[in-house]
Amino acid sequence: MAMATAHPNVRTPARWQDYLQLLKPRVMSLVVFTAFTGLVCAGRPLHPVLAAVAILCIAVGAGASAALNMWYDADIDAKMRRTRGRPLPAGRVQGADALALGVVLSLFSVMLMGMALNWLAAGLLAFTILFYAVVYTAWLKRSTAQNIVIGGLAGSLPPVIGWAAAAGATPLNAWLLCAIIFMWTPPHFWALSLYASDDYARAGVPMMPVVAGARATRRQILIYSLLFAPLCVAPAFTGLGGAAYLAVSVLGGLVFLILAFRLHRSRAGESADPRTDDHGLYGVREGARDARNLFAFSILYLTLLFATLLVEHLAGWAPLELVR
Amino acid sequence: MSDPRREGEAERKARRGRNLALAIGLALFVLLVFVVTLVRLGGNVAQRPF
């Protein structure tokens, strides 16, 4: 395994903040947000302490899988501009410590979820951690251009776990939230990879633009966007979303499709020049601006969708009954 | 694992910070399990048939 030899010498003493960074706090915040939405949408009364414990377990589980991901991918991270400052490639934390942190936090989060809430939620949490750490990180990421499509399931499950924690069941609407995030993932990550493809190529990660080229990637983004936009409207027809959700999903979906069409017609990803590609995540070359726009809007749109559902359910606004 | 007798000021400070964070984390976990037990036990006692 590559990670065992990626950085044999630790150069600086590890601070507790380095271990916190292993948990990818920014990704964790999105996981917490979607899981909380699922928990609230379940509509079952839950003691506030137990609700907080459920969210904490999901957050810690997400952090644990991130630590396992960083442990395994230390060799890849060391080659990419975006990730070379992480604690392992930078030599601030040893691989064995990251592995131990990931395993211990996984066990604690799953066991606490099972004992405090229910074992369905705990089982789903364990599956999510294993899927991200083993199926995505150790297998798909290095072997297929469909890595983020299939691996996206791990990022899609938190609302289902939140729903299961509150209700002890996972009805169709919980899986609808999962499906929305699942279909959102490919356009989101491929838009990013269009202007960071040389970084992935240098690390040997078979992202879509590296393997199939920029043009095929833009076409794939458009296809997924055409499927994603109508799917986002679906909760308004299944008794999950209300009038506000319908408005946000339709308007945002239209903007998403316009940006996807503009990206499809652009030449984003075709003029990658590693010598000038040091602009960070949001500052990009002129030709890649359409990719950056879709990437940025995809985050905003998903946040708006879930925030609207959250507000509607917390405020007690009645969902639409368009289909009986 | 570095030898505590040979470590410099930076290492000692970092180790102290790590130990403190671990202690706080463990204490919070114990407190959390205690509170969860009270909540779950309380609910079950309230529903107990007399």
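**Exercise 1. Contact range in chain A**

Task: In this predicted model, find what share of the contacts in chain A between residues at least 6 apart in sequence joins residues at least 24 apart.

Solution. Start with the contacts in chain A between residues at least 6 apart in sequence. Within that set, keep those that join residues at least 24 apart. They come to 76%.

Chain A has 14 helices and zero strands.

Chain A has 324 residues, and 51% of them are buried.

**Exercise 2. Two domains**

Task: State where the domains of chain A lie, and describe the contact between them.

Solution. Take the bounds from the domain assignment. Domain 1 of chain A covers 16-170, and domain 2 covers 171-324. Over C-alpha atoms, the centres of the two domains are 21 Å apart.

Now count the residues in the contact. Domain 1 of chain A gives 28 residues, and domain 2 of chain A gives 29.

Then locate the domain 1 side by element. Helices H2 (25-41), H4 (74-79), H6 (119-143), H7 (147-156) and H8 (158-167) of chain A each give two or more residues to the side that touches domain 2.

Finish with the classes. That side of domain 1 of chain A holds 14 nonpolar, nine polar and five charged residues.

**Exercise 3. The largest nonpolar core**

Task: Describe the largest nonpolar core and trace the contacts of A:Met113.

Solution. Begin with the count: the core has 104 residues. A:Ala67 and A:Met113 have the most contacts inside it.

Now turn to A:Met113. Leave out residues up to four places away in sequence. What remains is A:Ala54, A:Cys57, A:Ala121, A:Ala122, A:Leu125 and A:Ala165.

**Exercise 4. Chain A against chain B**

Task: Work out how many residues each chain gives to the contact between chain A and chain B, and characterise the chain A side.

Solution. Count each side. Chain A gives nine residues and chain B gives ten.

Find the main contributor on chain A. Helix H3 (residues 48-72) of chain A supplies the largest share of the side that touches chain B, three residues.

Sort that side by class. It has seven nonpolar residues, one polar and one charged.

How values were computed: Residues are numbered from 1 along each chain as its sequence is written. Chains are lettered from A and ligands numbered from 1 in the order in which they are written. This is a predicted model: local features need pLDDT of at least 70, side-chain atom pairs count only at pLDDT 80 or more; totals for chains, interfaces and linings use all residues. Two residues are in contact if their C-beta atoms, placed from the backbone, lie within 7 Å. Helices (H or I, at least four residues) and strands (E, at least two) are DSSP runs, numbered from the N terminus. Ala, Val, Leu, Ile, Met, Phe, Trp, Tyr, Cys and Pro count as nonpolar, Asp, Glu, Lys and Arg as charged, and the others, Gly among them, as polar. A residue is buried if 20 or more other C-beta atoms lie within 10 Å of its own, exposed if 12 or fewer, and partly exposed in between; C-beta atoms are placed from the backbone. Domain bounds come from an automatic or database domain assignment. A nonpolar core is a set of buried Ala, Val, Leu, Ile, Met, Phe, Trp, Tyr and Cys residues joined through C-beta atoms within 7 Å.
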